[in-house]
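This report describes the surroundings of a ligand and the arrangement of a sheet. The structure is shown below.

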Amino acid sequence: MPAVPVSLQHAAQDPTVLLATGLPELDRVLGGGLVRGSVTLLGGEPGIGKSTIVLQLCASIARAGGSCLIVTGEESVDQVGRRAARLGANVEGVMVHADSDVESILAVLDHVRPKLVVIDSIQTMSTASAGSAAGTVGQVRECAQAFTAYAKQHGVASILVGHVTKEGSLAGPRVLEHLVDTVLEFEGDRHHSLRFLRAVKHRFGSTDEVGVLEMTETGLSSVADASQLFLDDRRSGVSGSVIAPLIQGRRPMLVEIQSLVNAVQQPAQLRRLAQGLDSNRLAVVLAVLTKYCGLPFNSHDVYASVVGGIRVDEPGADLALALALFSSRKGTVISSDLVAVGEVGLGGEVRKVSHLSRRLNEVARLGFRRALVPKGSPSGPEGLKLIPVSTISEAVSYS
Ligand SMILES: Nc1ncnc2c1ncn2[C@@H]1O[C@H](COP(=O)(O)OP(=O)(O)OP(=O)(O)O)[C@@H](O)[C@H]1O
Ligand SMILES: [Mg+2]
């Protein structure tokens, strides 16, 4: 007898069940919470806080009455317990199991039937059904497939933790992206306390949002006002620092872009370093400054960075970067009440950016008085003076 397909009209009638994670910023990225039977891959560099965030969300889901199981393949039960104690988390209802054998874990799951299972990490798991050695890509894929099949069959929300190397590849897990429903990237600079969560794939909602969290002694806490946090440590009256109103996910955020330009004795070994910024954008902006502002950087080391460990990948940051570079190269100081936003084109023109009014509302909210914006931009909120510029050479006269 052949299998009978079901009518789509009658499929998926259940409302989507969401498990709120207790971390508003994580829920924001997930579009409300974890979906029953969904599989989420949580990738991040070593030490970024993956085990911490999963422990916190398990504690919170368990508090709300859902049982959770943490399967740890790389730490002992004691280590997980010590983390819970250090974080002061109420872990009643959270179970922990140290194991790395998929078949035996599935048997435990059958017995426990939790609402949520966390596999920490997928790279430490092994299954007899894959011929290859533990830790290989084949093994990782096979293990993930087994957990995914279990999650779908039994409606258990699952989180697979995956390590990402410094180069950004989810060593092994990148091959899992098509298998799972959601891929979250957990990033930030380990030396800063800020962490960012992004969904790079999400079958249940948008991938636009960015969650901002802060690592504290009691674990990760959601940051509601990231702009304010970024501006807290700002020193005014220094050259090479410019504030840019950027869009992160769907939220406007003010970030400080810094640059340091140093004349060097040996121009043969020039340094170009971009931290949190795309190094190609840095190269373009330097070339444009050289060509259209007559400002060579051919005997200078150039460092550019975004403060706070955030990664900026929108061209709207170009103008602020250009001003920061110009200011550091010339030793001038940019007025601390000024922000700048705009994309810089190869012809030296300043191009428009999306969502300008939202950016400018944030600028006004944080007390800035003037904004350099691309020409043709609509007017901004009351109290904020807009300075429209059409070319980079016009813009640098303000630095
Ligand atoms: N005693 C402590 N006080 C404050 N923060 C701590 C303390 N111990 C660890 N941390 C923070 O927790 C981070 C490690 O968190 P966690 O173990 O969750 O990371 P991970 O991503 O799971 O790491 P791994 O790749 O080793 O599994 C550290 O980098 C540090 O920021
Ligand atoms: Mg860990």
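## Ligand contacts

In this predicted model, a polar side-chain atom of Glu-74 is placed 3.2 Å from an oxygen atom of ligand 1. Ligand 1 on its own exposes 650 Å², of which the protein buries 65%.

## The surrounding shell

Ligand 1 is surrounded by 14 residues, and Gly-47, Lys-50, Ser-51, Thr-52 and Arg-83 are the closest. By class, this shell comprises six charged, five polar and three nonpolar residues.

Two or more residues of the shell come from each of helix H2 (50–63) and helix H3 (77–87). The largest contribution is that of H2, with three residues.

## The sheet

Nine strands form an open sheet with mixed pairing, in the order E5-E4-E6-E7-E3-E8-E9-E10-E11. Strand E5 (94–98) and strand E11 (219–222) are the edge strands, each pairing on one side only. With direction ignored, neighbouring strands of this sheet are turned against each other by 25 degrees on average.

## A helix across the strands

Helix H4 (residues 102–112) lies across E5, strand E4 (68–72) and strand E6 (116–120). Relative to E4, H4 runs at about 165 degrees.

Conventions:
Residues numbered from 1 in each chain as written. Chains lettered and ligands numbered in written order. Predicted model: local features only at pLDDT ≥ 70, side-chain atom pairs only at ≥ 80, totals over all residues. Heavy atoms only, no water. Near = heavy atom within 4 Å. Polar contact = N/O pair within 3.5 Å; in protein donor to acceptor, adjacent residues only side chain to side chain. Areas by Shrake-Rupley, 256 points an atom, 1.4 Å probe, with all protein chains shown as cover. Helix = DSSP H or I, 4+ residues; strand = E, 2+ residues; numbered from the N terminus. Nonpolar A, V, L, I, M, F, W, Y, C, P; charged D, E, K, R; others polar. Pairing = 2+ DSSP bridges. Axes fitted to C-alpha atoms, helices over the stretch in contact; angles between N-to-C directions. Contact = heavy atoms within 4.5 Å.
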